[in-house]
Amino acid sequence: MSGKAIAPQALKDIANAIDSGKNELTKRRDLAIFQLLTYGGLRRSEVAGVEWDNLTREGEHFVLRLPDTKSGMDQDIKLQEVVVQQLQEYHHALVKNGHRVDGRAFISLSRNASHGKPLTDQSVNLIMKKYARKAGIPTKITAHMFRHTCCTLAIEGGAKPQQVQAHLRHKDLKTTRRYYENREKLADNASDYINI
């Protein structure tokens with residue numbers, strides 16, 4: 001599973017490709033999506049379903065409530081400051097451009113009949129693929145790969161299995177453990193002992 005993670009440099013390249021966009025509103029929306037995928041480990045359907053009312057503050061922490069997740073239950077995830085900042089900038093850009101800021105957070109900005117309507121999960125996937133191509137990344141990038149990346153980066157940063165399980169909302173710890181097992185196979189591999 002670790003092979004499905006996006007390399008840190010590729011993440012930076014994708015972020016730079018998004019940030020180089022000329023349309024400020026599109027850039028703000030897509031950076032917010034990128035940050036939610038990368039730091040939140042959200043599924044693309046969860047990103048498409050985010051509503052502004054789902055964003056709350058609990059004490060000093062910002063939280064995103066995910067209603068009706070794959071598990072069938074509402075679940076909360078902690079949002080990092082960089083994600084909150086991007087969401088706030090996107091919100092400000094929406095207001096500045098005369099868009100409503102109630103209901104679904106991520107809307108289509110296409111110049112066709114879908115303009116202003118909520119993004120679909122397929123749209124989230126296409127947006128990330130577009131920027132990966134623009135960044136010149138040879139690997140076929142999908143929105144789901146950001147979920148693998150979130151998990152891998154958390155593991156490499158020292159997060160415990162239960163922390164990763166809770167953050168990614170894995171129903172079974174076995175799912176999370178597979179990421180750890182794959183990392184362990186690479187960390188102390190037989191090939192490391194070969195010296196010619």
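Buried means under 20% relative accessible area, exposed means over 50%, and partly exposed lies in between (1.4 Å probe, protein chains only). The model described here is predicted, so local features need pLDDT of at least 70 and side-chain atom pairs count only at pLDDT 80 or more, while totals for chains, interfaces and linings use all residues. Residues are numbered from 1 along each chain as its sequence is written, and side-chain values use heavy atoms, with hydrogens and water left out.

The protein chain holds eight helices and three strands. Helices (H or I, at least four residues) and strands (E, at least two) are DSSP runs, numbered from the N terminus. Along the sequence the pattern is α-α-α-β-β-β-α-α-α-α-α. Of the 196 residues in the protein chain, 42% are buried. Contact means heavy atoms within 4.5 Å. Among contacts between residues at least 6 apart in sequence, 57% join residues at least 24 apart.

The expected span of a helix is 1.5 Å times one less than its number of residues. For the 14 residues of α5 this gives 20 Å, and the end C-alpha atoms are 20 Å apart, which agrees. Just after α5, Gly136 takes a positive phi of about 80°.

Thr120 lies in the loop between α4 and α5. Thr120 counts as partly exposed because its relative accessibility is 41%. Its side chain joins that of Ser123 through a polar contact of 2.9 Å. A polar contact is a pair of N or O atoms within 3.5 Å; within protein, one must be able to donate a hydrogen and the other to accept it, and residues adjacent in sequence count only if both atoms are side-chain atoms. Thr120 and Phe106 are 14 residues apart in sequence, and their C-alpha atoms are 9.0 Å apart in space.

A nonpolar core is a set of buried Ala, Val, Leu, Ile, Met, Phe, Trp, Tyr and Cys residues joined through side-chain atoms within 4.5 Å. The largest one has 45 residues, and Ile33, Leu36, Leu79, Phe106 and Phe146 have the most contacts inside it. Elements giving two or more residues to this core include α1 (8-19), α2 (24-40), β3 (75-79) and α5 (121-134). Helix α2 gives the most, with seven residues. Leu79 touches Leu36, Leu55, Phe62, Val63, Leu64, Val84 and Leu87, not counting residues up to four places away in sequence.

Arg29 also belongs to α2. At 6% relative accessibility, Arg29 counts as buried. Its side chain makes a polar contact of 2.7 Å with the side chain of Asp30. Leaving aside neighbours within four places in sequence, the residues in contact with Arg29 include Tyr90, Phe106, Leu119 and Ile127.

The three strands form an open sheet in the order β1-β2-β3, with antiparallel pairing. Two strands pair if DSSP finds at least two bridges between them. Strands β1 (55-58) and β3 stand at the edges with a single partner each, so one side of each has no neighbour in the sheet. Five bridges join β2 to β3. One partner pair is Val63 and Lys78, the latter in β3. Helix α4 lies across β1, β2 and β3 and runs at about 95° to β3. For such angles, axes are lines fitted to C-alpha atoms, for helices over the stretch in contact, and values run from 0 to 180 degrees between N-to-C directions.
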